[in-house]
Amino acid sequence: RAAASPSYLSRLNPEQREAVETLDGPVLVLAGAGTGKTRVLTCRIAHILSQGRARPGEILSVTFTNKAAREMKHRLGEMLGQAVEGMPWLGTFHSIGGRILRMHAEMVQLKSNFTVLDTDDQVRLLKQLLQAEGIDDKRWPARMLAGLIDGWKNRGLGPSQVPSGEAAVFANGKGGKLYASYQERLKILNAADFGDLLLENIRLFREHPDVLRQYQHRFKFILVDEYQDTNVAQYLWLRLLAQAPSPSPTSPRASVPSPLVGETPSDPIDSLQDGSPGLDASHRSGDDEKNVAKLSAPRNICCVGDDDQSIYGWRGAEVDNILRFEHDFPGAKVIRLERNYRSTGHILAAASHLIAHNEGRLGKTLRTEDVDGEKVTVTGAWDSEEEARAIGEEIEDLQRRKENLNQVAILVRASFQMREFEDRFVTLGLPYRVIGGPRFYERAEIRDALAYLRVVNSPADDLAFERIVNVPKRGLGDATVQMLHDHARKRRIPLFEAARAVVETDELKPKARGSLRDLLTSFDRWRAQAEVASHTELAEAVLDESGYTDMWQKDRSADAAGRLDNLKELVRSMEEFENLQGFLEHISLVMDRDGGAEEEAVSLMTLHSAKGLEFDNVFLPGWEEGLFPSQRTLDEQGRAGLEEERRLAHVGLTRARRRAKLYFATNRRIHGTWSTTIPSRFLDELPAHNVEITESKGGSGWGGASGYGPSRFDNVESFGSSYGTPGWQRAQANRARGGRQNHGFEERQTSYGSRDAGGFSKQKRTPLV
Ligand code: ATP
Ligand code: MG
């Protein structure tokens, strides 16, 4: 069938090519950063499609972010020379899980328009539950319970499966019961939280083997990127789908009414489902015996990952999933890639040397055929403000040298670090975008507007209803809401329904009753309008007629105008979606919000959200003990935590193609308190030969590599005289001149002296994050 080798194959090295062309049976690509794992996955999809082995709707392909999914789709289009229609099952675990769940919502006691709660909603709901149980929220915070429940869900544990010892840690043993009532409440609210998108999916598959079987048949090929960061729930979900389907009592397809066809008419898979030229459609022939034999063959699953980039252990990811692959999928072909195509020599050497300090690794070699390029730089700044100023100047420098700002990224350890950069960039007029962070959609006015739309979309969405029932003020205060709650709880109905019942009685004072009736009528009208008008028109109507826009127009506070602009922007942003449901779906899933690709802009994000990405120029600020590695991680997870932090540092460095620039500040203000900090141990662990210490351009005159001298490197000699006066001497001179005080300085100096004797571990560190 294969004619001349397609062009996408010719751009692969032999190992990559093997990974792409081994279409049958399980394949694991275990390889370091920048070796082309993601490229392999993309080519593999192209190959499957162009060989006619499956149609777009028959490929399940999991990426780590929505953004990565979009990018992959784009690349596919380029490779195949035509836009790829469909690919409905290319996305994150959550988006795919959510999609499947929606199609079978009734089977897990939801409706197909169920709402996906964000963390805020989740916490609010748990607070209500705690109150109802008479549990003191101060002693047993709802947030803590939310964290526990998330953890259980990540491990694939439903309320009845939580080990009793663990359920006991909350509210004197009430943890498990609260988890159960939380799940029950979610069903009444027609809502799911993030963890449910997979957990409920797993339950669906377990309780309805016929449904599972359908998806097992559907997905002829399964591909997973960033496999090292899958958690137990994701793993279980994959395992279920990757199993050869068990023979069903009757014909595998005829036995089940297919919810995959026709339930959501807009679903692109439907157009592909039947009627189009059948490829590998033998299992639909009705010849059962043949089918079973065929389907029991090893599944075509291909996972790619890198144990050195496992950075979500704190969220339940299990790097062991990689190690188990061969066991789970007997006969798996394991392919290793060793050539890094991303980074220059110095950067790759620095990253490899750093990660070699970890003990728990599979170990691998990485080489580049690229030039050495520029050394990795390390720059000390007086404080975070100077750090931001210095980085701002470097970026302006790059801009003058005509570097593309899209190729510049700042990767921070903790999101609070971003604020300083945002401020600086606004001052400089440098365009930037925050990736993966809570910004626009987190604003109060946006959340209010969304709450209105959510209630229009799903009347059972109590949290949304409660948020806006008295916004703007309509005389429906706490007492009214309390009353609605009592009603709703007693009769196990949503607040909205309770409100409908209550307005028919005289329990409310006439005025409140009148305005509640008006509100309900408005919602009925909007819902009718939703059927006929576009979702943007609907949004405009809702904002106007509810009095919400008016409320801000009358508001005299300084930020009211900005809020009105944001509301306009919200309506504008809806245009990109087909309908309200799709838009709300998007909002609930936005893990990676970016400002769009219109303008060249610097990217600002956490190290965690930088996974899989690459940039020519990468700035890595805040390499200080306590911040990076994070003291909290060290305290909570000890050695394992340190290794995870180091992998994070490794991920950061390996994002860089041409330049990696590390920074640390000697003083940092966290939550209003100044702390003196010491440079990160990770700086010590870099190979001197590949690193250059530079002066801060921040302009305080202090700058320099404070307290960070050549003696701190593993490999002192190679530093030679490239480094003049050690930082600490300059600092001392500066202090003598009346410069700013550098508290705790001598103490640090001594500990550096004794570093070889394990000095670091004896140092006192200030917890920062
Ligand atoms: P990470 O572990 O960081 O996710 P990765 O292994 O997924 O990295 P890719 O992002 O797929 O690596 O590839 C890194 C870079 O190398 C990309 O710019 C990619 O286009 C390029 N690349 C990969 N393979 C080749 C090749 N055979 N020839 C030229 N460039 C390649
Ligand atoms: Mg990748």
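## Basis of the model

The model is predicted: local features need pLDDT of at least 70, side-chain atom pairs count only at pLDDT 80 or more, and totals for chains, interfaces and linings use all residues. Residues are numbered from 1 along each chain as its sequence is written, while chains are lettered from A and ligands numbered from 1 in the order in which they are written.

## Strand β12

Five of the five residues of strand β12 (residues 408-412) are buried, so the strand is largely enclosed by the rest of the structure. (Buried means that 20 or more other C-beta atoms, placed from the backbone, lie within 10 Å of the residue's own; strands are DSSP runs of E, at least two residues, numbered from the N terminus, and helices are runs of H or I, at least four.) Val-408, Ile-410 and Val-412 cover one side, Ala-409 and Leu-411 the other.

β12 pairs in the parallel sense with strand β15 (residues 615-620) over three bridges, pairing requiring at least two DSSP bridges. Four bridges join β12 to the parallel strand β14 (residues 602-606). Ala-409 has Val-618 as its bridge partner in β15 and Ser-603 in β14.

## Ligand shell

Ligand 1 is surrounded by 18 residues, the closest including Lys-37 and Tyr-341; a shell residue has its C-beta atom, placed from the backbone, within 6 Å of the ligand. Helix α3 (residues 37-50) gives the most, with three residues.

Note on methods. A residue is buried if 20 or more other C-beta atoms lie within 10 Å of its own, exposed if 12 or fewer, and partly exposed in between; C-beta atoms are placed from the backbone.
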